[in-house]
Amino acid sequence: MKRKELGNEYTTALIAVGLGLLAGALLMLVTGNNPILGFIYLFSGGLMNIERIGNTLATATPLIFTGLSVAFAFKTGLFNIGGAGQMLIGGLCATVVGLTFAWPKPLLLPVVILAAALGGALWGLVPGLLKAKFNVHEVVCAIMMNWIAYWSVYYIIPGYFKGPYLETESRRISAAASLKVEWLTKLFNGSYINLGFFLALAVVIIIAYILDRTTLGYELKAVGFNRYASEYAGIKAERNIILSMVIAGACAGLGGASFYVGYASNMQIGVLPSQGFDGMAVSLLGANSPWGVFLAAIFFGILHSGKGFMNAMTHVPPEIADTIIATIIYFSATSVLIEKYRARIRKRRLEKGRTDLPLDTGAGLDETVGGEG
Amino acid sequence: MWWSIIEQIFPYAIAYTVPLLITALGGLYSERSGVVNIGLEGLMVIGFFTSALTISQLESILPGTAIWLGLLLAAIAGALFSLLHAFASVTLNANQVISGTAINMMAGAVTVYLARHITGSGNILIVNGLIRRNIPYLVKIPVLGRLFFTQTYATTWLVLAILLISWFLLYKTPFGLRLRACGEHPQAADAAGVNVYRMRYLAVLISGACAGLGGAIILVTYAGEFNGTVAGIGFLAMAALIFGQWKPLGILGATFFFGLASTIANVSQAIPTLAKIPGILLKNFPYIVTLLVLVFFSKSTQAPRASGEPYDKGKR
Amino acid sequence: MDYVVEMLKIRKEFPGVVANDDITLQLKQGEIHALLGENGAGKSTLMSILFGLYQPDQGVIKVRGQEVNIADPNVANTLGIGMVHQHFKLVHNFTVTENIMLGMEMTKGIVIDHRAAAKKIQQLSEKYGLNVDPNAKIEDISVGMQQRVEIMKMLYRDAEVLIFDEPTSVLTPQEVNDLMEIMRNLVQEGKSIILITHKLKEIKAIAHRCTVIRRGRMIGTVEVGSTSEEKMAQMMVGREISFEVEKEDREAGAVVLKVDNLSALNNRKVMGLKDFSLEVRSGEILGLAGVDGNGQNELVEVITGLRKAESGQVMLKGTDITNLSIRERIRMGMAYIPADRHKHGLILDYSIEENMILKNYNQEPYAEKGLLNQEAIQEHTGRVMAEFDVRSGQGSIALARSLSGGNQQKAIVGREIDSDPDLLIAVQPTRGLDVGAIEYIHKRIVEQRDKGKAVLLVSLELDEILSLSDRIAVITNGELIGIVEAKETNEQEIGLMMAGVQRGETA
């Protein structure tokens, strides 16, 4: 993926965002609200003061992880729709470890994080394994895993880790097990921000490095683009598919940690975390690249963080944020339309004599679009 | 004792099966034409919402008819919303999985948004659902009568009729032959003069209508209230499709299996023998079995060969 | 003159290339008219226009004197034009009857009338001498019968003009003769045929007239009877071409590849390779001839490691590699030019650089401790591209997808040869390429042999096998029929062997 193509994809992403915001505005109008006011409150709700910025970053953190999870799997040709289940299991493992051991923070926290990554990795292993060995469609498999995770949490938490007040939530973890740290929380005036954000940043850098500079990344992308050619070259496709889903699952698992022992301090049952699915939107918008995911997640963080404020000030239902996000994905998926339009403009320019814009010539004369001959 | 348990849960099992069945049937049309429709979940929600809205608004004015109107409008709404997926997948050759996921997210968001706008809480309540009836003569048949013809919903029979019609359509008519050709080898269909694009559009619309109907049936049979989600039934329908090997009768079996398993899990608390089995196992049972079945069937899969691949006329 | 179809001054452009430039083709009633051109000349495009799959940018089409606009295959069908495609358009799990009537089903009310359709097919089959089994599923019948089903599709629709697109590449020599009989029958019954091909021998055998196209332009139309093969070849390519490849005699050396009693299953879980034994020595080219689907793919896949053998051994330079991984075989000095360059040879969405290191990306100097060394990769790619004449508009960072077929193949050949293998396996190395690229690749292959490498050449083009090989092995139905010296044999003998007749027997 060289520079020219990334540039193209970012522009398309921006257009998709614009269209999504437009759709949101229309929806607000149709239901009798003032879109301009709505957007002002939406964005200021996410950015107005240091505390809100902290919340935005904290909200964005799980999205960075799940976005990375989807993007990484996508690079290797797989759809990871199992982010929600991987988050849940990751969060479960983190919570369980956090509630079971009473070690000091420098020891407990890394173990908690590791547990989350391993849990998520395990949950990603299953669809990966079934896909590699049996060619079972990873989407259906991941959806099953999501529900298995859901019900597992549903019974395990109240069964063994029940909180003192409600049937539906777990005990609170101690400060030693939490990703929140005092100085950070103080710095951001008591927001939900936690170490998860910096962990996410680190993972972004690591993933980007793996994909672009290492032989592992080379193999994974090769298998994703063309499994057959990779096998002919001696690359073990099965191993790479499995490894890819394991890494993707681990990322989502870390997302679970950042949410359940970072943002929150206990787990609620009966909810499939939406960040799992939003991860797909983040990845799409971020052109499936690690830094793109980072930026897209922050944008979504702003939206999610601000929707409560907007609702309080204008009575616009908070689901507007989800609608905007969903519309953005739709336009990202149909970005072909946007690109066709841009290609048409480019072609028109070229015909007017400008030769400095690249033209996709595709194959040469001996393999015309019509096939051989 | 066992028998009375089975008799008791059967109607519930069937009630749970039917929306699953009709949605999976819709998915069948779509995939047989070559388009993977992951958006079934969202399309069900659209139907769920539309029927709740219609019925809650009309039931005081037109009792009885309001329900059927609700079902009809739900199907139409589902079909219209599915146009988005059809447009993306067929005309633009976009990635079908992503487009379907977008549909799910949009449906979930827009319906709750509108519901909140209308009722403030995001839920829409209806007062009267469908009533359950015994079928006059058939209920007297020993064994089968008690199981299948007691306390049934009218919609169950509607859906079974649609199933039979679908079987006929798919295997006995030119339409069915051409539809299946589009899903196996669109180039062959194209060269034979079949309009692949139009076929696929039609199939996706049908799947939208069926899923919308499915969501509506949930409302009028066992939910009674719109709450923004169909709890994964749309996805389960996809699994049933694979489980049933893309055949109408296979889907009937697969969905009934899910219906029965889920019902057993749900009522287990009330039945002493079943209550002993840990809830976690009962609830996860359908999903784990599905995974096993997917693995088992993976070698001999009868998936339509061209399913999921965008059809591009230019490519040879 | 009564022309049944006229394509006058047709022009068709695709982004970046003019596929058809001012071409005129006129088909007489009752004739077999050949359309000759090398791969990429524009033949398929022209016929796709006639069949309604594309629209011409300029030019006029007349059918029986009337100007027409063929908007889609349905219109073509109504006008009586039908096409037998090179890559069959048959639904694998439908029956023969269902495939033939698709789109024009016979019905009783709203239900399909299978029996009536089968009956009509039976009648047509008898009338034209086309043997098909109406109730068999496509996936169960032979390639020859599949082709006859394709022909039936047109006759079922009362086609008068039949276009055959490269029909013989998938047939045994005997089946080719059968096909020619069928074509003569059709013409006797009043049909007119356009035959797209690049095989001069077939044109001489069956066509009346021939139109030659080169690089999208029409060169001329000739009477086949009074035109020599050399003349037609020269029109096709634009210069004198010699069919001979220059090859010195060489003494073959030690055995490099030894295949011993190898048996393997094919994709349908049936024995595709039966007790096969073969030796390839250093300094020789062993050509493997056979009709597509007779076990060559399975053999090559077992040798390269993509398929497991049921029994038998593969030895490379004396070492048993039967159970080694693909990567280990590559490290031992095996190189492989696959038949399908898009599917197996290249990763189209990778750059040329990334493709160049496909087999050794994790070795020094291209990578150290798991990290890629961009400079080394770039330098290596540049060198190979220069040496093997790989032309790319945007240099080595261009995506493989953007290269023409010939350049893609040269890149693959370059990559494989540059790895200095002891054994080079080349499968269909010149498929779909123009003559210039074909000549170049043939030269490089012979060069490897001259340098003392062992070359196993698998090809469906008998001419290629005959001109390049030192020895020729023939495979039919997974079995080795015989091995002969190239200099001591000819096409007839090989053809007979491909049909299963051993040397010394009579057919």
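These legends accompany a set of close-up views of a predicted model. Residues are numbered from 1 along each chain as its sequence is written, while chains are lettered from A and ligands numbered from 1 in the order in which they are written. Because the model is predicted, local features need pLDDT of at least 70 and side-chain atom pairs count only at pLDDT 80 or more, whereas totals for chains, interfaces and linings use all residues.

**View 1. Chain C as a whole.** Chain C carries 17 helices and 24 strands (DSSP runs numbered from the N terminus, helices being H or I of at least four residues and strands E of at least two). Its C-alpha trace spans about 70 × 50 × 50 Å along the principal axes. A compact globule of 507 residues would have a radius of gyration near 23 Å, and the 25 Å of chain C agrees with that (taken over C-alpha atoms, the rule being 2.2 Å times the number of residues to the power 0.38). Of the 507 residues, 49% count as buried (20 or more other C-beta atoms, placed from the backbone, within 10 Å of a residue's own; 12 or fewer is exposed, and in between is partly exposed).

**View 2. Domains 2 and 3 of chain C.** The domain assignment, which is automatic or from a database, gives domain 1 (3-237), domain 2 (242-333 + 422-507) and domain 3 (342-420) of chain C. The C-alpha centres of domain 2 and domain 3 of chain C are 26 Å apart. Their contact takes 11 residues from domain 2 and 9 residues from domain 3 (contact means C-beta atoms, placed from the backbone, within 7 Å). On the domain 2 side, helix α15 (residues 435-450) of chain C gives the most, with 5 residues. That side divides into 7 nonpolar, 2 polar and 2 charged residues (Ala, Val, Leu, Ile, Met, Phe, Trp, Tyr, Cys and Pro are nonpolar, Asp, Glu, Lys and Arg charged, and the others, Gly among them, polar).

**View 3. An open antiparallel sheet in chain C.** Here 4 strands follow the order β14-β13-β16-β17 in chain C, with β14 (271-281) and β17 at the edges. Helix α9 (residues 296-304) of chain C packs on the sheet, touching β13, β14 and β16, and its direction makes about 65 degrees with that of β14(C) (axes are lines fitted to C-alpha atoms, for helices over the stretch in contact, and angles between N-to-C directions run from 0 to 180 degrees). Strands β13 (residues 255-265) and β16 (residues 311-316) of chain C share 5 bridges (pairing requires at least two in DSSP). Look for D260(C) opposite Q313(C) and L257(C) opposite L316(C).

**View 4. The β16-β17 hairpin of chain C.** Strand β16(C) is joined to β17 (residues 319-320) of chain C by 2 bridges, in antiparallel fashion. L316(C) stands opposite T319(C). With 2 residues between the strands, the hairpin includes K317(C), which takes a positive phi near 50 degrees.

**View 5. Two loops of chain C.** A cis peptide bond, with omega about -5 degrees, joins E364(C) and P365(C); P365(C) sits in the loop between α12 (352-356) and β19 (367-368) of chain C. In the loop between β9 (161-165) and α6 (173-188) of chain C lies E166(C), a non-glycine residue with a positive phi of about 45 degrees. E166(C) counts as buried, with 21 C-beta neighbours inside 10 Å.

**View 6. Where chain A meets chain B.** This contact takes 37 residues from chain A and 39 residues from chain B. The chain A side has 27 nonpolar, 8 polar and 2 charged residues.

Note on methods: Contact = placed C-beta atoms within 7 Å.
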